[in-house]
Structures are given as C-alpha cells and as structure tokens.
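Colleague: Before we discuss anything, could you show me the sequence and the structure together?

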Amino acid sequence: MGTIVVNRPERCMGCRSCEMICSLQNGGTCSPELSKIRVYYDPFTAKPEITIAEDCIRCKNCMKWCPAGVLKFRKGDGDE
C-alpha cells in the first residue's frame, strides 16, 4: 500500500487547497476539521508544517490540486 508524503515542504505557499479538497473528498464539505491533511504556515518564518493523518485514504486529490507540487505518492508493498 502506498502513502502520500510531503516531498518539497519549502515550496508550500500556505494556500491550504490540499486541506479543502481532502475535506470535500472525506466529509462532503470544505471544512479543515474534516481534512486528513493539516497545514500550518508561519508567516514570520515562512516555514510550513504539513501533517498527513495515518487514516488518509490516499485518494491523491490533494496532489492534483496542490499548485506547488508539494505532495507526492510513494509506492509501497503491493503497489504496481
């Protein structure tokens, strides 16, 4: 089973598009509380903190909608 990983966190703009699309996929509405991805962007240091919950369903929509290409799918055991 593969997993979604944070590949280039320095490219994150803090737009939180990944959070919105994840919550829409998982909860049927745009709500950060329902997202499996959490983005905290510190405007003072310009360093994002991105976490992905273990119960992520790996739909890959977050990767498609990220304008900066921050997220990547890493193949694991059983993936082709």
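This is a predicted model: local features need pLDDT of at least 70, side-chain atom pairs count only at pLDDT 80 or more; totals for chains, interfaces and linings use all residues.

Colleague: What is the volume of the largest cavity?
Modeller: A cavity is a set of points on a 1 Å grid over the protein atoms alone where a 1.4 Å probe fits but cannot get out, and its lining residues have an atom within 4 Å of a point. Grid points are joined across faces, edges and corners, and a volume is the space filled by probe spheres set on the points. The structure holds two cavities of 30 Å³ or more, and the volume of the largest cavity is about 100 Å³.

Colleague: How many charged residues are in the lining of the largest cavity?
Modeller: The lining of the largest cavity has 14 residues, and those nearest its centre are Cys-12, Cys-15, Cys-18, Cys-66 and Val-70. For the classes, Ala, Val, Leu, Ile, Met, Phe, Trp, Tyr, Cys and Pro count as nonpolar, Asp, Glu, Lys and Arg as charged, and the others, Gly among them, as polar. Sorted in this way, the lining of the largest cavity has 11 nonpolar residues, two polar and, as for charged residues, one.

Colleague: How many nonpolar residues line the second largest cavity?
Modeller: The second largest cavity holds about 60 Å³ of space, and its lining includes Ile-4, Asn-26, Lys-36, Arg-58 and Cys-62. By class, this lining has two charged residues and one polar residue, while its nonpolar residues number seven.

Colleague: Which elements do the buried residues of helix 1 pack against?
Modeller: Helices (H or I, at least four residues) and strands (E, at least two) are DSSP runs, numbered from the N terminus, and buried means under 20% relative accessible area, exposed over 50%, and partly exposed in between, with a 1.4 Å probe and protein chains only. In helix 1, which covers residues 17–27, the buried residues are Cys-18, Glu-19, Ile-21, Cys-22 and Ser-23. They pack against strand 2 (37–42), helix 2 (61–65) and strand 4 (71–74).

Colleague: Why does Ser-23 count as buried?
Modeller: Ser-23 is found in helix 1, and, not counting residues up to four places away in sequence, Ser-23 touches Gly-28, Thr-29, Cys-30, Ser-31, Leu-34 and Ser-35, where contact means heavy atoms within 4.5 Å. Ser-23 counts as buried because its relative accessibility is 0%.

Colleague: Is Asn-26 buried or partly exposed?
Modeller: Asn-26 also lies in helix 1, and, beyond residues up to four places away in sequence, Asn-26 touches Leu-34, Lys-36 and Ile-57. With a relative accessible area of 29%, Asn-26 is partly exposed.

Colleague: How far from the centre of the ring of Phe-73 is the charged end of Lys-60?
Modeller: Lys-60 is found in the loop between strand 3 (47–52) and helix 2, and, leaving aside neighbours within four places in sequence, Lys-60 is in contact with Ile-4 and Phe-73. A charge sits over a ring if NZ of Lys or CZ of Arg is within 6 Å of the ring centre and within 35 degrees of the ring normal. The charged end of Lys-60 sits over the ring of Phe-73, and its distance from the ring centre is 4.1 Å.

Colleague: What is the phi of Arg-58?
Modeller: Most residues other than glycine have a negative phi. Arg-58, which is found in the loop between strand 3 and helix 2, is not a glycine, yet its phi is positive, at about 55°.

Colleague: What is the phi of Arg-16?
Modeller: Arg-16 lies in the loop between strand 1 (3–6) and helix 1, and at 35% relative accessibility it counts as partly exposed. Arg-16 is a residue other than glycine with a positive phi, near 65°.

Colleague: How far apart in space are Cys-12 and Leu-71, C-alpha to C-alpha?
Modeller: Cys-12 is placed in the loop between strand 1 and helix 1, and it is buried, with a relative accessible area of 12%. Not counting residues up to four places away in sequence, Cys-12 touches Val-39, Tyr-41, Pro-48, Ile-50 and Val-70. Cys-12 and Leu-71 are 59 residues apart in sequence, whereas their C-alpha to C-alpha separation in space is 9.4 Å.

Technical notes: Residues are numbered from 1 along each chain as its sequence is written. Side-chain values use heavy atoms; hydrogens and water are left out. On a 1 Å grid over the protein atoms alone, a cavity is a set of points where a 1.4 Å probe fits but cannot get out, and a pocket is an open set with protein on both sides within 12 Å along at least five of seven lines; lining residues have an atom within 4 Å of a point.
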